[in-house]
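Thanks for coming. I will take a few minutes to walk through one structure, so please have it open.

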Amino acid sequence: MTRTFRGRVSRLTAAALLGTTLLLPSSAGAAAPFPYQDPALPVATRVADLMSRMTLDEKLGQMTQAERGSVTAADLTAYRLGSVLSGGGSAPNPNTATGWADMYDGFQRAALATPLGIPMIYGVDAVHGHNNVVGATIFPHNIGLGATRDPVLVEQIGRAVAEEVSGTGVDWDFAPCLCVARNDRWGRTYESFGETPDIASSLTTIVTGLQGPALGGPASVLATAKHYLGDGGTTGGDDQGDTQLSEAELRAIHLPPFQAAIQRGVGSVMVSYSSWNGVKLHGHQYLVTGLLKGELGFSGFVVSDWNGIDQIDGQSGFTAAEVSAAVNAGVDMVMVPTAWKNFLTLLRAEVGNGHIPLSRIDDANRRILTKKFELGLFERPLTDRAWTPTVGGAAHRALARQAVAKSQVLLKNAGGVLPLARDNNKIFVAGKNADDIGHQSGGWTVSWQGGSGNLTPGTTILQGIRAAAGPTTTVTYNQRGTGIDGTYRAAIAVVGETPYAEGQGDRTGSMSLDRDDLRTIATLRKAGVPVIVVLVSGRPLDIAAELPGWNALLAAWLPGTEGGGVADVLFGVVPPTGKTPMTWGTSVTQQPINTGDGKTPLFPQGFGLTY
Ligand code: GLC
């Protein structure tokens with residue numbers, strides 16, 4: 001297979017694979033028959049030439065994104081579709097890196113088989129690693145990366161994710177989420193880098209990691225700043241709810257990370273499901289076109305969220321009016337996973353009757369095609385399998401372990417019970433999250449909601465503890481704490497939340513530990529042994545009442561596959577340096593609680609002990 005610098009097979013090779021006689025671009029020595037096929041020409045020139053050759057149907061197809069399970073390769077060719085996505089957990093069989101690359105190339109070949117050979121762009125939610133792919137490296141979720149306050153590390157993580165994503169052919173990542181989570185009840189709090197915009201703004205380095213210094217370089221993947229605008233500010237932390245703020249507050253709290261991402265050249269922006277003062281973002285022309293594209297000068301393209309256009313009128317099933325409202329508001333690429341044929345019919349009609357001006361269609365196409373040219377998709381449309389071995393490779397797992405250690409926040413350490421001695425020790429480990437890759441990874445892991453058990457290769461926190469302990473140290477594990485006695489020198493309870501994603505993670509009632517966790521900790525305490533609680537959760541939990549009975553508390557957040565990083569901190573191999581990116585309330589009744597709001601927290605934003 002032809003090796004290319006960017007991680008894609010050359011068009012020539014693609015032609016050979018297709019068995020078609022594609023015309024050579026000038027870079028291959030022969031003159032390109034059409035200017036848009038000539039990589040030596042400026043992108044703007046290529047876009048203009050290509051658009052001059054496109055039919056209306058080809059332009060409408062470019063604006064349409066279908067889900068892989070609802071579209072065939074033949075559909076892609078027949079309807080000239082511009083993009084395919086994998087929803088959370090939507091994977092080929094086998095769900096391996098090679099299986100993904102084969103799937104990607106199959107769709108791409110179908111896109112190239114159209115008269116103008118416009119390559120499709122494939123999007124996934126690689127939000128903490130290439131998390132749909134079994135065997136991929138799963139990094140800490142954003143709340144843990146926020147605790148590191150380390151822009152350089154986060155850029156390195158973006159680069160590693162881009163390599164694994166490229167190794168499967170995929171060229172578009174619906175990440176980073178730049179939400180500023182203001183109410184910890186929100187089920188997407190863990191997708192936030194922190195409760196104040198400064199943290200997310202500083203960590204937009206992940207955009208550079210994903211895209212590279214410029215699009216089209218080695219393993220360059222289009223990044224997505226999401227969800228624009230105010231998704232983390234809804235009243236009550238209600239997912240997809242209403243953000244009731246003045247414009248000044250909306251701009252001050254939620255806009256800066258998007259400004260930072262735009263300054264870094266982010267190629268796409270995804271619109272939020274939420275509303276601003278009662279108006280759905282998916283139909284908000286002032287915010288999407290006036291502010292984002294106009295005032296901020298965003299030159300990439302805007303993608304809707306999953307069936308987001310269907311929410312504009314509050315009724316189920318999208319309508320012609322909703323299609324017009326979204327496209328006229330400034331949505332360029334419409335994520336219509338299953339009903340994409342209906343979308344195309346309505347879009348064509350709304351252009352035909354003048355409700356959507358052709359100038360808007362052309363603007364959307366210009367934005368989308370510009371990014372496809374800049375990514376190099378026209379020259380290198382197929383996967384370069386040189387990146388495939390990076391998926392779940394040792395180098396990325398080592399980086400992830402480093403990130404896990406740096407994300408740990410030590411909130412209590414009475415009597416210096418931590419760090420644990422590695423030798424001549426006797427340690428009891430308990431808790432439902434101690435030996436469970438699924439639990440320590442959280443949502444968006446192999447499946448949309450995540451799950452329990454060893455659903456992908458990795459190191460559990462217990463396995464990390466066992467590996468870190470020396471040969472003269474005993475480590476005993478029982479999930480409920482059964483069997484502990486006074487001969488143990490320390491007990492570690494790894495407790496917290498089980499996986500969830502989006503609205504299914506909204507907590508409208510208690511935010512305390514569940515009964516099993518509380519019983520487990522009580523069992524450990526009854527033995528009279530110092531208890532160290534390791535909290536695996538997507539947000540601060542309501543633990544103030546129990547904290548006095550604990551000797552130590554370590555917030556591990558959602559560390560991902562490399563649980564060894566938690567053990568590194570427990571044994572002092574790496575001292576804890578994390579700082580909580582969220583204010584930690586004394587009670588759920590304080591929600592929302594954020595820095596500067598005058599409430600007295602249990603731990604302020606930025607708190608974290610070390611040794
Ligand atoms: C989801 C999420 C969004 C994700 C998209 C595609 O509903 O809101 O973050 O990128 O759909 O999976």
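First, some ground rules. This is a predicted model, in which local features need pLDDT of at least 70 and side-chain atom pairs count only at pLDDT 80 or more, while totals for chains, interfaces and linings use all residues. Residues are numbered from 1 along each chain as its sequence is written, and side-chain values use heavy atoms, with hydrogens and water left out.

Let me start with the cores. In soluble globular proteins, nonpolar side chains tend to be buried together. By a nonpolar core I mean a set of buried Ala, Val, Leu, Ile, Met, Phe, Trp, Tyr and Cys residues joined through side-chain atoms within 4.5 Å. Buried means under 20% relative accessible area, exposed over 50%, and partly exposed in between, using a 1.4 Å probe and protein chains only. The largest nonpolar core has 97 residues, and Leu76, Tyr122, Tyr228 and Val323 have the most contacts inside it. Take Val323: leaving out residues up to four places away in sequence, Val323 touches Ile309, Phe318, Phe343, Leu346, Leu347 and Ile356, where contact means heavy atoms within 4.5 Å. Apart from this core lies another, of 68 residues, including Val531 and Trp557.

Now the ligand. Which residues are around the ligand? They are Asp125, Phe174, Arg188, Lys226, His227, Met270, Tyr273, Asp305, Trp306, Met335, Trp444 and Glu502; to be listed, a residue needs a heavy atom within 4 Å. Ligand oxygen atoms lie 2.6 Å from a side-chain N or O atom of His227, 3.1 Å from one of Glu502 and 3.2 Å from one of Tyr273. Taken alone, the ligand exposes 310 Å², and the protein buries 96% of that. Those areas come from the Shrake-Rupley method with a 1.4 Å probe.

Last, the aspartates. Asp171 is in the loop between helix 7 (151-166) and strand 5 (172-173); helices (H or I, at least four residues) and strands (E, at least two) are DSSP runs, numbered from the N terminus. Is Asp171 buried or exposed? Asp171 counts as buried because its relative accessible area is 0%. Its side chain makes a polar contact with the side chain of Tyr104, at 2.2 Å, and reaches the backbone nitrogen of Tyr122 at 2.7 Å. A polar contact is a pair of N or O atoms within 3.5 Å; within protein, one must be able to donate a hydrogen and the other to accept it, and residues adjacent in sequence count only if both atoms are side-chain atoms.

Asp568, in helix 20 (residues 564-570), is buried too, at 8%.
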